[in-house]
Structure formats: C-alpha cells, structure tokens
Amino acid sequence: MPRQVSTITAPTPELTEAERVRILAKSALFNPPPAELPDGRRDLVGLTREELAVELAAIGEKPFRAKQLWHWIYHQGATDFTRMSSIARPLQERLAERFVVGRPSVATEQTSEDETRKWLFRFRDGQEAETVYIPDRREDRGAVCISSQVGCTLSCRFCHTGTQRLARNLGAAEIVGQFMAARDAYGEWPSPHGDVPRLLSTIVLMGMGEPLYNYENVLRAMRIAMDPEGIGLSRRRITLSTSGVVPMMDRCGAELGVNLAVSLHAVRDDLRDEIVPLNRKYPIAELIAACRRYPGASNARRITFEYIMLRGVNDSEAEARELVRLIAGIPAKVNLIPFNSWPGSDYRPSGREALERFAAIVQDAGFAAPIRMPRGQDILAACGQLRTDSRRTRPAA
Ligand code: SAH
Ligand code: SF4
C-alpha cells in the first residue's frame with residue numbers, strides 16, 4: 001500500500017524560524033558578483049528606490065532625482081543617460097562617470113516555430129541563464145519565464161536544470177534585467193499603462209532554479225517590477241513557482257503576495273521523495289498545509305498545482321482521486337504538464353488517454369485542470385528543458 005497522507009499538521013514555529021535562518025545562510029554562499037564594474041562604475045539596476053536616493057545623495061543630488069531616474073530606467077527603459085531629457089547635460093555626464101544602467105548581454109536568441117522565443121543571457125562574470133517568452137496565440141500578450149538561479153540544488157529527476165549543479169544565485173538586477181532585456185527585444189518601452197495591451201504582460205518565475213532558495217534577490221527584483229512608477233506589473237501578473245520550500249512560502253505570501261504555483265507532481269510521499277527530493281525535508285502534508293495558509297488564496301486568485309504527467313509513474317486514476325482529496329477546499333487549479341523530454345532523460349510523457357482520464361477526474365471534482373501543451377520544444381524552451389553549461393566559477397564569497 002502506498003503511504004497515505006491523512007493528517008495535515010502545521011510545522012512548529014521554532015522549526016520554521018531555524019529553517020529560515022539556515023536557508024538564508026546557505027543562499028548567501030552563492031552570492032552574485034558585486035554591482036561595481038571593473039572600472040568602478042556602479043549598476044543602478046537592482047537598487048531599491050531608497051538605495052538609489054542614497055547613491056544620488058552621495059554625489060550631492062536631491063531626492064527628487066531618484067524619482068526622475070527611476071522613471072527613466074524602469075518606465076522609459078533608458079540605458080543611456082544622454083537620452084534622459086529631463087536631466088541637464090552636466091548632470092547626465094556626472095551620472096555616466098559613476099553609474100551604468102546595465103542589461104545582461106544576449107549570448108544566443110532563438111525563436112521557435114510557434115513564436116516562443118528563448119534567450120541565453122550572459123551576466124558580467126560570464127555566468128549564463130535562460131529566459132523564455134511565451135506569446136499568447138490569441139491575444140496581444142504573453143508570459144516571460146524568468147530564471148532565478150544558474151542551475152539548481154534540487155535535482156528533481158525529470159528536470160534538465162536539475163542535472164546541473166547550482167553555479168550561483170542571480171542578483172536582483174539580473175532577475176529583473178531578464179525581463180527588461182526581453183522588453184528591449186520587443187521594443188515595449190515605455191511601460192504600457194492602463195488598458196494599453198502589453199505583449200510582455202506577465203512574469204512567471206519558472207525558469208532555471210528554485211526562486212525560494214534565492215528569496216532575497218527575487219523579492220527585490222519583484223518589488224522593482226511591481227513599482228507603479230516603473231514597470232508597474234501588479235502582483236496578480238506575477239507567478240512564483242516553487243518545488244515546496246515550506247518556510248519561505250509563508251514569507252513570500254506575507255511580503256510579496258504574488259500568485260503561487262506549487263510543483264506537486266506526486267500525491268504519495270514515497271514517490272515524491274524520489275522525483276522531487278526536497279519532499280524528504282518538507283513532505284506533502286506540510287506543503288499542503290502551507291498552501292492552505294497562503295494569504296489571498298481565493299477563487300479569483302487560485303493556487304496552481306503543477307503536475308507533470310509521467311507515463312506509468314504518477315498518472316493513474318487512483319492518483320488523480322488522491323490529488324483531489326489532498327487539495328480539497330483549497331481555491332486551486334491543476335496544470336497538467338505532459339513530460340517534456342530532454343537529451344538523456346529517462347521518463348516518457350503520458351499518453352493522451354491517460355492525460356484525459358486524469359484531467360476528467362480532477363475537473364469532475366470542481367477544479368480547472370488544463371493540459372498544458374508544450375511550447376517551444378524545437379528550441380528546448382519548454383518547461384524543464386532549460387539548462388546551460390555554466391559551471392561554478394568562483395568559491396563562495
Ligand atoms: N524550481 C521551481 C521553478 C522552476 S521549474 C519549481 O520546481 O517549481 C518550473 C516547472 O517546470 C516546475 O513545475 C517543474 O516541475 C516543471 N518541470 C521540470 N522539468 C520538467 C519537464 N521535463 N517537463 C515538464 N515540466 C517540467
Ligand atoms: Fe530545480 Fe525546479 Fe528543476 Fe526541481 S524542477 S530541479 S526545483 S528547477
């Protein structure tokens with residue numbers, strides 16, 4: 001008999017606090033490089049508004065300059081101080097001597113037959129990560145799928161990124177910079193406001209890495225993306241996907257309040273322990289309890305459970321029924337993702353019949369259960385196919 005999850009217990013607060021401290025200390029070992037360039041200039045992208053004001057005060061400028069610069073950087077998308085026409089020439093020159101408005105550079109860019117576009121972005125220390133733009137076929141909008149780490153520590157069995165060791169965390173500038181560089185490519189500046197359609201209309205933190213293992217940088221980056229005087233994406237247009245870092249889910253809910261997607265993939269601990277090894281630390285009951293207390297979950301803002309359909313592994317009707325039992329009462333939808341294969345992977349995607357039977361059981365229980373057809377497979381841009389050859393290049397700082 002498979003091990004059943006029958007009781008839902010909340011973790012003790014002491015444990016959660018200790019775990020939080022451990023996770024934060026661990027993520028500090030993989031810090032991104034400093035914001036200073038070799039020539040001494042500093043990148044302004046990634047600073048909070050307050051930090052930007054401090055930088056400007058240090059060169060004798062008043063706080064309103066921070067507001068002006070913020071507008072140029074995040075609303076207009078300017079990277080060149082000479083374009084900032086509300087700033088007088090002498091100040092433009094002083095700014096250019098001390099600062100830059102950085103972007104990751106494009107190492108490669110590929111467009112799929114289905115219009116999905118993938119970039120391999122290169123950062124200042126040579127590390128690289130992938131970003132994918134998935135346009136909505138029917139409308140003028142689409143999702144930008146952003147990476148949070150170079151590699152991943154978590155080694156989920158079905159995931160290409162998981163075969164790569166963690167090289168390092170991405171910094172806030174590198175995280176929001178992926179979105180900004182994608183916008184550059186589509187010429188979507190200044191930031192559209194109100195009812196004006198946006199091509200790049202949502203951010204999904206579903207690229208390489210586990211965002212809740214790089215929480216501080218993700219938090220900063222998303223706060224920048226949400227600032228109404230800049231990029232101005234509401235928290236409803238941002239979805240963070242986690243494999244289930246339970247203690248950080250609480251913080252994410254309290255501090256960011258973005259939509260949550262949870263990579264569930266199995267309904268029994270024995271199987272989930274195997275395919276999502278993080279489950280050994282935070283088993284299904286704790287994960288589901290954290291979902292139940294995630295703030296703001298409502299019918300209008302449902303939690304997404306991602307469920308990768310692996311042929312003969314997790315796709316039976318009994319598992320569909322157990323899934324429904326586990327998430328009963330949570331305002332949720334279930335995304336069924338047929339396994340996307342990659343070179344060397346040892347699973348196969350479920351067949352259409354298994355997918356449809358599974359979806360029908362979940363739908364009959366009242367949950368939306370779309371089958372997510374892969375996008376950009378021809379360029380290895382679909383879920384779980386991202387991987388770079390980056391290696392860890394420097395010891396922990
Ligand atoms: N680390 C986070 C976010 C990145 S992965 C997480 O695991 O949630 C984004 C989604 O792609 C996750 O749901 C992940 O489980 C899924 N995924 C990974 N490998 C996949 C594959 N080969 N086929 C389909 N989906 C995959
Ligand atoms: Fe990391 Fe997510 Fe891939 Fe698991 S599925 S290895 S958590 S990126």
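The structure on display is a predicted model, in which local features need pLDDT of at least 70 and side-chain atom pairs count only at pLDDT 80 or more, while totals for chains, interfaces and linings use all residues. Residues are numbered from 1 along each chain as its sequence is written, and chains are lettered from A and ligands numbered from 1 in the order in which they are written.

**The two ligands.** Remain at ligand 1 and select Cys159, Ser263, Asn340, Cys383 and Gly384, which come nearest among the 15 residues around this ligand. A residue counts as near a molecule or strand if its C-beta atom, placed from the backbone, lies within 6 Å of it. Next, colour β10 (238-242) and β12 (303-309), each of which supplies at least two residues of the shell around ligand 1. Helices (H or I, at least four residues) and strands (E, at least two) are DSSP runs, numbered from the N terminus.

Move to ligand 2 and select Cys152, Leu154, Ser155, Cys156, Cys159, Thr161, Gly162, Gly209, Glu210, Ser243 and Ser263, the residues around it. By class, this shell holds four nonpolar, six polar and one charged residue.

**The two domains.** Now colour the protein by domain: domain 1 covers 13-22 + 104-379, and domain 2 covers 46-100. These bounds come from an automatic or database domain assignment. The centres of the two domains, taken over C-alpha atoms, are separated by 33 Å. Where they touch, 16 residues of domain 1 are in contact with eight residues of domain 2; two residues are in contact if their C-beta atoms, placed from the backbone, lie within 7 Å. On the domain 1 side, the elements giving two or more residues are α5 (172-186) and α6 (215-226). Helix α5 provides the largest share of that side, six residues. The domain 1 side as a whole has eight nonpolar, three polar and five charged residues.

**Helices α5 and α6.** Keep these two helices selected. Their axes come within 8 Å and cross at roughly 40°, which makes α5 oblique to α6. Axes are lines fitted to C-alpha atoms, for helices over the stretch in contact, and angles run from 0 to 180 degrees between N-to-C directions. Angles under 35 degrees count as roughly parallel, over 145 as roughly antiparallel, 65 to 115 as roughly perpendicular and the rest as oblique. To see the contact, show Ala172, Ile175, Val176 and Phe179 of α5 with Asn217, Val218, Arg220, Ala221, Ile224 and Ala225 of α6. These residues divide into eight nonpolar, one polar and one charged.

**Helices α2 and α3.** Select residues 49-58 for helix α2 and residues 64-75 for helix α3; the two pack at an angle of about 120°, with their axes 8 Å apart. At that angle, α2 is oblique to α3. Show Arg49, Leu52, Ala53 and Leu56 in α2, which meet Arg65, Ala66, Leu69 and Trp70 in α3. Six nonpolar, no polar and two charged residues make up this contact.

**Helices α7 and α9.** Next, select α7 (residues 246-255) and α9 (residues 284-292), whose axes come within 9 Å and cross at roughly 5°. This makes α7 roughly parallel to α9. Val246, Met249 and Asp250 of α7 make the contact with Glu286, Leu287 and Ala290 of α9. The contact contains four nonpolar, no polar and two charged residues.

**Two backbone details.** Most residues other than glycine have a negative phi, and most peptide bonds are trans. Select Glu115, in the loop between β3 (105-111) and β4 (117-122); although Glu115 is not a glycine, it has a positive phi of about 80°. Finish at Pro190, in the loop between α5 and β9 (202-205), where the peptide bond from Trp189 to Pro190 is cis, with omega near -10°.

Key: Ala, Val, Leu, Ile, Met, Phe, Trp, Tyr, Cys and Pro count as nonpolar, Asp, Glu, Lys and Arg as charged, and the others, Gly among them, as polar.
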